[in-house]
Amino acid sequence: MKRIKTIASLIRPCQCVYDVGSDHAFLSILILKNKLAKHVVNIENKINPLNNGKKNLQRHNLIDKTTNIINNGLKNITKKVKIKPNYIVISGLGGRTITEILKTCHLMKKNIVFIFCPNLQTNILRKWLNENKFSIEKEQTIFSKKFYQIIVAKQKNIKANDNEEYLYFGQKNKQLDLVTWKKYLCFNKKMIMNSKKLLYNKQYQKMLKEIASWK
Ligand SMILES: C[S@@+](CC[C@H](N)C(=O)[O-])C[C@H]1O[C@@H](n2cnc3c(N)ncnc32)[C@H](O)[C@@H]1O
């Protein structure tokens, strides 16, 4: 729930939010209860999660403020949903799946704020965002059973940072306190071991040595 609450905290009051992969509709309930949007469009590619979400919305008397549809990500979404989003949230899916969803999104992206919270492969998502002229406006790393990086991005005509360290760990992570940063590195140790560039980076070598000495 910490993850969903953090995502909601990044939304400013607006007309409409799309939640791709909405599952239990927890995010839309939080958004609507806090009056962060007038309408939420919940998008699912499976019927059971969509129905669970609808039941939860009914329980909270919020179903009228939502549209709940079956769709593969954002593909052909403009044909099915007429209300335009101010925000699109894609959370709890892998970075690769998120990029596949973005590739088939033909909405005018420039006016939309995207909030991503991949459950893995954040580097794949960051790389795609860089190559497709998205700028990362804000990032937040949170711990909720495991580490998650929440990325707020907008499409702009700039190419951003694409060094490997950034693609894996993001821009703000060095501002984490040392204990949290080390914990975060422990979680990502396997990924560092698999990346030649990171493995040969002196800073990471030093940290890996230190991590090894803890066990
Ligand atoms: C792990 S849940 C994440 C739920 C919630 N967004 C969160 O962050 O906790 C992922 C949900 O995304 C849905 N999903 C996966 N691929 C999708 C796609 N291409 N289009 C729409 N929904 C998708 C799944 O059915 C599942 O309900």
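Axes are lines fitted to C-alpha atoms, for helices over the stretch in contact, and angles run from 0 to 180 degrees between N-to-C directions. The structure is a predicted model, in which local features need pLDDT of at least 70 and side-chain atom pairs count only at pLDDT 80 or more, while totals for chains, interfaces and linings use all residues. Residue numbers start from 1 along each chain as its sequence is written.

**Exercise 1. Determine how helices α5 and α6 pack.**

Step 1. Helices (H or I, at least four residues) and strands (E, at least two) are DSSP runs, numbered from the N terminus. Helix α5 covers residues 95-103 and helix α6 covers residues 122-131.

Step 2. Their axes are 7 Å apart, at an angle of about 30°.

Step 3. Angles under 35 degrees count as roughly parallel, over 145 as roughly antiparallel, 65 to 115 as roughly perpendicular and the rest as oblique. Therefore α5 and α6 are roughly parallel to each other.

Step 4. Contact requires C-beta atoms, placed from the backbone, within 7 Å. On the α5 side are G95, R96, I98, T99 and L102, which meet T122, N123, I124, L125 and W128 of α6.

Step 5. Ala, Val, Leu, Ile, Met, Phe, Trp, Tyr, Cys and Pro count as nonpolar, Asp, Glu, Lys and Arg as charged, and the others, Gly among them, as polar.

**Exercise 2. Describe the contact between domain 1 and domain 2.**

Step 1. Domain bounds come from an automatic or database domain assignment, which gives domain 1 (2-175) and domain 2 (176-215).

Step 2. The C-alpha centres of the two domains lie 29 Å apart.

Step 3. Eight residues of domain 1 are in contact with 10 residues of domain 2. On the domain 1 side, β7 (146-155) and α7 (164-169) are the elements giving two or more residues; α7 gives the most, with three.

Step 4. By class, this side of domain 1 has two nonpolar, three polar and three charged residues.

**Exercise 3. Characterise the shell around the ligand.**

Step 1. Of the 16 residues around the ligand, G21, D23, N45, S91 and G92 come nearest.

Step 2. Two or more residues of the shell come from each of β2 (37-44) and α5.

Step 3. The shell comprises five nonpolar, eight polar and three charged residues.

Methods: Two residues are in contact if their C-beta atoms, placed from the backbone, lie within 7 Å. A residue is near a molecule or strand if its C-beta atom, placed from the backbone, lies within 6 Å of it.
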